[in-house]
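Hi everyone, thanks for making time this morning. Let me put the model up on the screen, and then we can walk through a few places in it together.

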Amino acid sequence: MKNEFLKDLQWRGLINDCTDFDALDELVEKGNITLYCGFDPTADSLHIGHLLMILILKRFQLAGHKPLALVGGATGLIGDPSGRSVERPDSNLETVEKWSNSIKGQLSQFLDFNETEANGAEIVNNYDWTSNVNMLDFLRDVGKYFNVNYILAKDLVCSRLDKGMTFTEFSYTILQGMDFKHLYETKKCVLQIGGSDQWGNITSGLELIRKQLGHEEKAVGLTMPLVTKADGTKFGKTAGGAVWLDRKKTSPYELYQFLINTADEDVVKFLKYFTFLTKEEIEAVEAEFKEAPHLRHGQKVLAREVVTLVHGVEAYEQALKITEALFSGNLAGLTAEEIEVGFKDVPSVELAEDLNLVDALVFAKAASSKRESREFINNNSILINGEKVNNLEFIVSKENAIGGKFTVIRRGKKKYFLIKHV
């Protein structure tokens, strides 16, 4: 491999397979190319599992190439069978359109859509060139180029045959093939990228380009590894569900916590995948991390880089501030908004009146009875908003709440309870 940019992708472990390494090396070495990656709107937000592909588009753009981000307004109505054991539930057109627009907005956070630049990114929607194709044209002009045995041999199809697959899902790979051919013809797009589970869909596009336009046409498919953790589980999934890129669904603080808890075995790999730190910078972090893994320097750098990339410096600093305040127990510097974010999953109750601390502990379920409540207070086990309180007559009120909204009760070292004053 001659091209330095492709060598960097290889060093980062971002290349899983390629339909023609020599052709890709030649295309990239010659000059700027146009490439695309598809994102089906299966929810109103992308999640962190999509981040790898978004950042690879960004890496290509920074190297001078033109990325096309394809929003699957048409394929989103069908549902990609890749990696699924059952058919995806149907989505209606209105919902898919709404989700497509949300995804467009998120992609613009990462890619530069400056139309005046040769490498300015574009968003395309396959609904635009698919919705007007009637069934007869589809079968006659596209379907005849796909041998059924060829499709059945694809992993994404044969893995589902024992459980059953509808013709709708069976046709998904053909629709993706139409996308690649359309972009090849109209945008001079010569490269499609995707996760390793997209190999079958990507090669369908190459098959259609060769059969309809000629075998001499130069187009390439490139896949990246699926991101898994050291324990083999899928990256981006937590007990609470997916880790979203939309801050309303997953706050910057929650994203920070997800990353700071990365297993030691995964840190260096994820630094290569998800950051724009150079080889030398990553190796320096790795050396410091190996020297003192208990300090979690690698996790801290990973969390800093990714949260800043997704949400900005200010959001990262707020996430760090909340984390440090919760770790130290010093809550005095936190705002009501930060308390709400940091204590989102803490047991909480609403309070409309002032309460004696003894009663407040019972009300907040920090104590099972008034007797137990008094014991906790007398034993110096209770902190209110970070301050130790051993006064049985202390009043929990809106007036001394953080931001006039929240009273944080800590019992012992780790048990937190939240009172929301209304």
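Let's start with a crossing: α14 passes α16 in a left-handed crossing, meaning that the near helix is turned anticlockwise from the far one by less than a right angle, while clockwise would be right-handed. Before going further, some ground rules: this is a predicted model, where local features need pLDDT of at least 70 and side-chain atom pairs count only at pLDDT 80 or more, while totals for chains, interfaces and linings use all residues. Residues are numbered from 1 along each chain as its sequence is written, and side-chain values use heavy atoms, with hydrogens and water left out.

Back to our pair. Helix α14 covers residues 267-274 and α16 covers residues 297-311; they pack at about 25 degrees, with axes 10 Å apart. That makes α14 roughly parallel to α16 (angles under 35 degrees count as roughly parallel, over 145 as roughly antiparallel, 65 to 115 as roughly perpendicular and the rest as oblique). The axes are lines fitted to C-alpha atoms, for helices over the stretch in contact, and angles run from 0 to 180 degrees between N-to-C directions. Helices here are DSSP runs of H or I with at least four residues, strands are E runs of at least two, and both are numbered from the N terminus.

Who meets whom? On the α14 side we have V267, F270, L271 and F274, and on the α16 side G298, Q299, V301, L302, V306 and L309; contact means heavy atoms within 4.5 Å.

The UniProt record, an unreviewed entry, puts a "binding site" annotation on Y36, Y172 and Q176. Y36 sits in strand β2, residues 34-39. Is Y36 buried or exposed? At 2% relative accessibility, Y36 counts as buried (under 20% relative accessible area is buried, over 50% exposed, in between partly exposed, using a 1.4 Å probe and protein chains only). Leaving out residues up to four places away in sequence, Y36 touches Q176, D179 and F180, among others. As for Y172, its C-alpha atom is 7.3 Å from that of G79, although the two are 93 residues apart along the chain. G79 is in the loop between α4 and α5, and is buried at 3% relative accessibility.

K365, not a glycine, has a positive phi of about 65 degrees; K365 lies in the loop between α19 and α20 and is exposed at 63%. N380, also not a glycine, has a positive phi of about 60 degrees, and is partly exposed at 34%.

Methods
UniProt positions are given in the numbering used here, feature names are shortened, and annotations may be inferred rather than shown by experiment.
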